[in-house]
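Subject: Structure handover

Hello,

Here is the structure we talked about. Please open it and keep it beside this email as you read.

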Amino acid sequence: MLDLGGGFGALLRKELLRFWRVAFQTVAAPVLTALLYLLIFSHVLGEERLVHGLAYTAFLVPGLVMMSVLQNAFANSSSSLIQSKVTGSLVFVLLPPISYGAFYGAFVLAAALRGLVVGLGVWLVTLPFAPLWPAQPLWALAFALLGGAILGTLGVIAGIWADKFDQLAAFQNFLVLPLTMLSGVFYSIHSLPAFWQAVSHYNPVFYMIDGFRYGFFGVSDVGPEVSLAVVLLCFAGLALLTLMLLKRGWKLRY
Amino acid sequence: MGSSVSPVAVPAVAFAGVVKRFGAFTALDGVDLEIAQGEFFGLLGPNGAGKTTLISCLAGLARPSAGSIRVLGHEVQGDYREARRRLGVVPQELVFDPFFTVRETLRIQSGYFGIRRNDDWIDEILANLDLADKADTNMRRLSGGMKRRVLVAQALVHRPPVIVLDEPTAGVDVELRQGLWRFIRRLNEAGHTIVLTTHYLEEAEALCQRIALLKRGRILALDSTANLLARFSGHSLTLKLSGEQELPASLEPLVQRRNGREVVLQLSRLELVETVLASLRQAGLGLEDLRLNAPDLEDAFMALVGAEASHA
């Protein structure tokens, strides 16, 4: 059983305060970026274009919301850890009796919550352009939380692994960004050639976005149960790996 | 300042055969050391001696390759939660979290130890460290000396019976150093065990009851400060000779070092001053200056480190 124990609440609160103190940079900026994506893509591709029988702008919104959730969840845990490592302040977390389970839980939950806050912001600012309400809100919430937790976990791994900011940037630019951008945020995979459709099925982020889109429209490229199973499996695997690394003190306790 | 009570027979800190290797390099080479409850203990050594590695192993930041470390009977790896609850560590580096005020920093740190509503104690620590008026100031806005004091405060939020200070006065001005000394002494008088690593020998001499000298990961000497001073150092006499005449041959065995016409003689007993002056008079040697220096830890330190180096 995962032992959260003392320190979990304080570490979670600290991680939440950390991004909230600079909300202009950590929340407002990604919301603005997503809004610009929506305005530009919907203008270039036109309102007449239909995907799954939906106007393209409407189709795009859940993808943008989910992309923001995922990217910001990753950014939260990874940037917090690398900053603490570079400045040396991580020692304040390593000296107290905080279990590795509490360490993992606090960083990942805070990451997922930042993802949800940014996602909520993106959804709210896009409402005037595409007034959408989730048809299946629980499905949408489940995929947003799990997606945030997965990318938050990846952020923990990257933040612990990286010794310098450019290593973290490489992780973000060459892994996280392609996985999220090539996952059906801007398109339905049915519009891709057969080969690339097959490739997309190996991208776990595709299932997160497709499942989240199901939460909004009740239609998706693959069944939501399949997506949920893939996403849960992915989360379980990454969580176990990260907990094992933390238990060994990998790159934290020498 | 309160601290939880353990049976006095249990050492505050016990290192048993602690070895730490980094690849082929051995940073700690079988350290055995016990520090009693309530002691003010000094850990001295030149750069690279292994002091910080030893403290890191004690604090759980590093894992020993062999051996065990206990804090008030709790093993720092196997029983890490209980061990860390009893340990407060002031790190050497001046680190801080720039997002928070002093009070928030201390509240968060209390929370890490599972302590809520700790404001009364936080206020007391802040008052003792002359930080009360900075409680709501962001950490970024504090001077280096104030940040150093917040580090001390962070180590105390959970009222640890054992406090480790890793070079607490490195790079701080004389006034702050004196203030920190007074505060640490008060903590010790209140029953806290203090483990201090320092480069400043005068600091160890002024504060510590017992001292371990560490070099190349091994303990060279472990004794009370008074015994170390008595064993390894005596008075020294600095003479500045006038004219061209050389020192009488009978005094040559006492020469510790020379610097031009200045000669430093090592005296095992204070009465030897008379003998030296008599020899100088007999030889008709004039003096421009004469200084008698009291024994200090630096002599002991140099004697030990020098002796070890000559055996290496």
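Below is what was found in it, topic by topic.

**Confidence**

Keep in mind that this is a predicted model. The predictor gives the complex an ipTM of 0.87 and a pTM of 0.84. Chain B has an average pLDDT of 86. In that chain, 89% of the residues score at least 70. A word of caution: where pLDDT is low, the predicted coordinates should not be read in detail.

**Chain B**

Look at chain B as a whole. It holds 10 helices and 14 strands. It has 312 residues, and 40% of them count as buried. Now take its contacts between residues at least 6 apart in sequence. Of these, 70% join residues at least 24 apart.

**Where the chains touch**

Chain A puts 24 residues into the contact, and chain B puts in 23. On the side of chain A, two elements give two or more residues each: helix 1 (8–20) and helix 4 (91–94). Helix 1 of chain A supplies the largest share, 7 residues. By class, the side of chain A that touches chain B has 12 nonpolar, 7 polar and 5 charged residues.

**Helix 1 of chain A**

Stay with this helix for a moment. It has 13 residues, so at 1.5 Å a residue it should span 18 Å. Its end C-alpha atoms are 18 Å apart, which agrees. Its buried residues are A:Phe8, A:Ala10, A:Leu11, A:Leu12, A:Lys14, A:Glu15, A:Arg18 and A:Phe19.

Pick out A:Leu11. Leaving aside residues up to four places away in sequence, A:Leu11 touches A:Val93, A:Ile98, A:Ala102, A:Phe103, A:Ala106 and B:Tyr112.

**The nonpolar cores**

In soluble globular proteins, nonpolar side chains tend to be buried together. Here, the largest nonpolar core has 145 residues. Which of them touch the most other members? They are A:Leu11, B:Ala153 and B:Val164. The largest share of this core, 16 residues, comes from helix 5 of chain A. Another core lies apart from it and has 5 residues, among them B:Leu239, B:Leu251, B:Val263 and B:Leu265.

**Helix 10 of chain A**

Next, find helix 10 of chain A, residues 224–248. It has 25 residues. From first C-alpha to last it reaches 36 Å, close to the 36 Å expected at 1.5 Å a residue. Buried in this helix are A:Pro224, A:Ser227, A:Val231, A:Phe235, A:Leu238, A:Thr242 and A:Leu246. What do the buried residues of helix 10 of chain A pack against? They pack against helix 5 (100–126), helix 6 (137–161) and helix 9 (204–217) of chain A. After helix 10 comes A:Gly249, whose phi is positive, near 75°.

Last, go to A:Val199, in helix 8 (residues 194–200) of chain A. Is A:Val199 buried, exposed or partly exposed? Count the other C-beta atoms within 10 Å: there are 14. A buried residue needs 20 or more, and an exposed one has 12 or fewer. So A:Val199 is partly exposed. Then compare A:Val199 with A:Ser183. The two are 16 residues apart in sequence. In space they are 9.9 Å apart, C-alpha to C-alpha.

Best wishes

How values were computed: Residues are numbered from 1 along each chain as its sequence is written. Chains are lettered from A and ligands numbered from 1 in the order in which they are written. This is a predicted model: local features need pLDDT of at least 70, side-chain atom pairs count only at pLDDT 80 or more; totals for chains, interfaces and linings use all residues. Helices (H or I, at least four residues) and strands (E, at least two) are DSSP runs, numbered from the N terminus. Two residues are in contact if their C-beta atoms, placed from the backbone, lie within 7 Å. Ala, Val, Leu, Ile, Met, Phe, Trp, Tyr, Cys and Pro count as nonpolar, Asp, Glu, Lys and Arg as charged, and the others, Gly among them, as polar. The expected span of a helix is 1.5 Å times one less than its number of residues. A nonpolar core is a set of buried Ala, Val, Leu, Ile, Met, Phe, Trp, Tyr and Cys residues joined through C-beta atoms within 7 Å. pLDDT is the predictor's confidence in each residue, from 0 to 100.
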